[in-house]
Amino acid sequence: MIALDLIADSIPPVHTSDTIQKVLDRMVEFRLRHLPIVNEEQFLGLLAEDDLIGESDYQAPIGSLALSLVNPYVLEDQHIYDVIRLFYEQQLTVVPVLDAKSNYLGLISINAITEYFAQITSVAQPGGIIVLEINNKNNSLAHMAQIVESDNAQILSSYVQAFPDSTRMEVTLKINKQDISGIVASFLRYEYDIKATFNHKDINDTARDRYDSLMNYLNL
């Protein structure tokens, strides 16, 4: 996924001739706190709602204001992770997209990023969630997938969260199966540390105890 794929065509930029009132109305309409200023195809900068709040004449054109515009943008072929980084680092509600000649192509809104995350994490699909805590040297997604698939299930999505100054990390797996009790038992059998489980029919906080009891029985 690249930046060009997420451009929101329905949100127009503002121009230097637009009034402050018009810009504020547009921000309210699209529920945004930023909008790009564009002169024909030239990107001039990103206008923030805070830049306009102290102005008294709301009929004044944007071009008449002394603005210290920030200039964050991505190129059309940059990866979506670069877009997310700008949203996070600069606390933006839109990120402008330019072509190789620095011409303005459009913008990516925070809503588009939310929808993108919903898609890649398969939140709309039913299933269970397993959160594992593992050593970062033993991070084998192939082995985790093998365990899940042995129970006639599949991993719909996964992501990893590392912890500073630690050799441990969390791996979150979204499974296309609501009853994940058998998969949980398999992870325990392979001595994975299960931190949490969600969204399955048989929520059982004593999975480790049941597994230990089974092992004790088999060892009799």
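The model is predicted, so local features are reported only at pLDDT of at least 70 and side-chain atom pairs only at pLDDT 80 or more, while totals for chains, interfaces and linings use all residues. Residues are numbered from 1 along each chain as its sequence is written, and side-chain values use heavy atoms, with hydrogens and water left out.

**First selection: Asp99**

Select Asp99, in the loop between strand 4 (94-98) and strand 5 (104-109). Helices (H or I, at least four residues) and strands (E, at least two) are DSSP runs, numbered from the N terminus. Is Asp99 buried or exposed? Asp99 is buried, yet has no salt bridge. Buried denotes under 20% relative accessible area, exposed over 50%, and partly exposed in between (1.4 Å probe, protein chains only). A salt bridge requires a side-chain nitrogen of Lys or Arg within 4 Å of a carboxyl oxygen of Asp or Glu. The nearest side chain of opposite charge, that of Lys101, is 7.0 Å away; Lys and Arg count as positive and Asp and Glu as negative, with His and the chain ends not counted.

Next, display the backbone nitrogen of Asn103: a polar atom of the Asp99 side chain lies 2.8 Å from that nitrogen. Leaving aside neighbours within four places in sequence, Asp99 is in contact (heavy atoms within 4.5 Å) with Leu75, Glu76 and Leu105.

The whole structure holds six salt bridges. For one of these, select Glu89 and Arg85, whose closest N and O atoms are 3.4 Å apart. Both residues belong to helix 2, four residues apart, or about one turn of the helix. An α-helix has 3.6 residues a turn, so residues three or four places apart point the same way. Glu89 counts as exposed, at 52% relative accessibility, whereas Arg85 is partly exposed, at 37%.

Move to Arg168, which is partly exposed, with a relative accessible area of 28%. Which side chain meets that of Arg168 in a salt bridge of 3.6 Å, N to O? The partner is Glu133. This pair links distant parts of the chain: Glu133 is in strand 6 (residues 128-135) and Arg168 in strand 8 (residues 168-175), 35 residues apart. Glu133 is partly exposed, at 22%.

Because Asp193 lies in strand 9 (residues 193-198) and Arg168 in strand 8, the pair ties together parts that are 25 residues apart in sequence. Asp193 is partly exposed, at 38% relative accessibility. Through shared partners, salt bridges join Glu133, Arg168 and Asp193 into one network.

Finally, select helix 5 (residues 181-189). Which residues of helix 5 are buried? They are Ile183, Val184, Ser186, Phe187 and Leu188. Continue past the helix to Glu191, which follows helix 5 and has a positive phi, near 65°.

Methods:
A polar contact is a pair of N or O atoms within 3.5 Å; within protein, one must be able to donate a hydrogen and the other to accept it, and residues adjacent in sequence count only if both atoms are side-chain atoms.
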